[in-house]
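Subject: Structure handover

Hello,

Here is the structure I promised you. Please open it alongside this email. My notes follow below it.

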Amino acid sequence: MAEPVRVCVTGAAGQIGYSLVYMVGSGVVFGPDTPVILHLLDITPMMNVLNGVCMEISDCALPLVRDVIATDDPAVAFKDIDAAFLVGAMPRKEGMERKDLLAANVKIFKVQGEALDHHAKKSVKVLVVGNPANTNALICAKYAPSIPRENFSAMTRLDQNRAQALIASKVGIPVADVKNVIIWGNHSSTQFPDVRHATAMKGGQAVPVYDALEDSYLKGEFITTVQKRGAAVIAARKLSSAMSAAKAACDHMKSIWQGTKDGHFVSMGVFSDGSYGTPEGVMYSFPVTIKDKKWSIVKNLPIDDFAREKMDITAKELCEERDDAIAACQG
């Protein structure tokens with residue numbers, strides 16, 4: 001058995017946390033031979049609910065869960081952790097755009113960044129799930145200057161999974177037979193789901209998705225369906241995505257911890273270095289490969305005029321969010 005990994009989940013009493021803590025405890029993220037110590041953080045009014053979650057974790061009798069620490073104190077939650085799922089945030093409600101959440105949530109992530117800076121291991125890998133995820137991740141990293149900023153990432157894996165599943169359904173193949181779907185930009189309605197570089201298995205051969213499906217669909221309904229999927233779930237459930245968000249968070253962290261397969265890339269929000277003409281200093285979703293817990297942006301993919309326009313729209317929104325967020329933190 002490996003040494004236990006200390007894993008923090010914030011908002012652990014919430015809907016996403018409820019699904020997430022079981023998945024993390026089951027071994028699907030950090031490996032079937034890696035024990036975990038769960039640090040579960042929530043706000044004080046949710047501690048009774050969180051204690052109930054702890055009861056259920058115990059009742060699951062998960063062999064890999066060595067200890068559970070439930071707290072409302074970020075200093076305790078972030079003490080010596082190896083990985084963090086920052087889920088806790090003001091929830092999005094029906095009819096609400098993510099920008100409406102910005103002012104309240106960036107202040108939460110400022111405080112959590114400061115706490116990570118003081119208490120977490122400097123090698124900690126931090127995944128921000130709470131929306132607006134890209135800009136929350138940027139603010140969190142800004143206020144944790146002693147932790148390398150490449151250790152922070154924002155979740156666009158849910159969008160990737162949604163896009164991959166949609167293509168698989170449309171082509172009529174298993175979801176695992178679609179690879180290299182890209183989400184560019186922001187985890188918002190401006191994101192650009194791009195399958196120009198994706199392939200689908202048909203008749204035992206990998207074919208470009210653009211050969212398998214009509215251009216008009218891929219440049220129209222497909223994009224808008226993925227962009228608006230979160231709102232569609234809210235309209236149906238009267239609650240935001242939870243099970244699928246937890247699964248995507250696990251997929252994201254598993255990719256960091258265990259790396260990507262040869263020939264495969266995944267999407268995550270990371271600090272832009274200016275690749276593909278994107279603005280530096282925003283948390284932009286790119287296709288990345290991962291080895292030894294370090295991500296690298298996939299380089300030199302051809303970008304046509306259609307993609308360029310979409311990528312610039314989401315970049316503009318991220319720059320506006322960044323500026324608004326920094327102003328909110330200083331206000």
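Start with Asn136, which sits in helix α5. One thing to keep in mind throughout: this is a predicted model.

Is Asn136 buried or exposed? Its relative accessible area is 0%. The cut-off for buried is under 20%, so Asn136 is buried. Setting aside neighbours within four places in sequence, Asn136 is in contact with Asn105, Val106, Phe109, Val128, Gly130 and Asn131.

The peptide bond from Asn131 to Pro132 is cis, with omega near -5°. Most peptide bonds are trans. Pro132 belongs to the loop that runs between β5 (125-128) and α5 (133-142).

Ser285 is next. This residue is part of strand β13. Ser285 has a relative accessibility of 0%, so it counts as buried. What is Ser285 in contact with, leaving aside its neighbours within four places in sequence? The list is Asn134, Thr156, Ile183, Trp184, Gly185, Ser267, Met268 and Gly269. Ser244 is 41 residues from Ser285 along the chain, and their C-alpha atoms are separated by 19 Å.

Now follow β13 (283-291) to its end. The loop between β13 and β14 (294-297) holds Asp292. Lys293 lies in that loop too. Look at the backbone here. Asp292 has a phi near 55°, which is positive although the residue is not glycine. For Lys293, also not a glycine, phi is near 65° and again positive. Most residues other than glycine have a negative phi.

Lys293 has a relative accessible area of 33%, so it is partly exposed.

On to helix α10, residues 229-237. Which of its residues are buried? Gly230, Val233 and Ile234 are. They cover an arc of only 100° around the axis, so they lie on the same side of α10. An α-helix has 3.6 residues a turn, so residues three or four places apart point the same way. Helix α6 (157-171) is included in what covers the buried residues of α10. Just after α10 comes Lys238, with a positive phi of about 65°.

Last, a helix pair. Two packed helices are described by the angle between their axes and the distance between the axes. Helix α1 covers residues 15-26, and helix α2 covers residues 47-60. They pack at an angle of about 30°, and their axes are 11 Å apart. Angles under 35 degrees count as roughly parallel, so α1 and α2 are roughly parallel to each other. The crossing of α1 past α2 is right-handed.

Which residues make the contact? From α1 they are Tyr18, Val21 and Tyr22. From α2 they are Val53, Glu56, Ile57 and Cys60. By class, the contact of α1 with α2 has six nonpolar residues, no polar ones and one charged.

See the cis bond from Asn131 to Pro132. See the positive phi values at Asp292 and Lys293. Then see the contact between α1 and α2.

Best wishes

Technical notes: Residues are numbered from 1 along each chain as its sequence is written. This is a predicted model: local features need pLDDT of at least 70, side-chain atom pairs count only at pLDDT 80 or more; totals for chains, interfaces and linings use all residues. Side-chain values use heavy atoms; hydrogens and water are left out. Helices (H or I, at least four residues) and strands (E, at least two) are DSSP runs, numbered from the N terminus. Buried means under 20% relative accessible area, exposed over 50%, partly exposed in between (1.4 Å probe, protein chains only). The arc is that of the directions from the helix axis to the C-beta atoms. Contact means heavy atoms within 4.5 Å. Axes are lines fitted to C-alpha atoms, for helices over the stretch in contact, and angles run from 0 to 180 degrees between N-to-C directions. Angles under 35 degrees count as roughly parallel, over 145 as roughly antiparallel, 65 to 115 as roughly perpendicular and the rest as oblique. A crossing is left-handed if the near helix is turned anticlockwise from the far one by less than a right angle, and right-handed if clockwise. Ala, Val, Leu, Ile, Met, Phe, Trp, Tyr, Cys and Pro count as nonpolar, Asp, Glu, Lys and Arg as charged, and the others, Gly among them, as polar.
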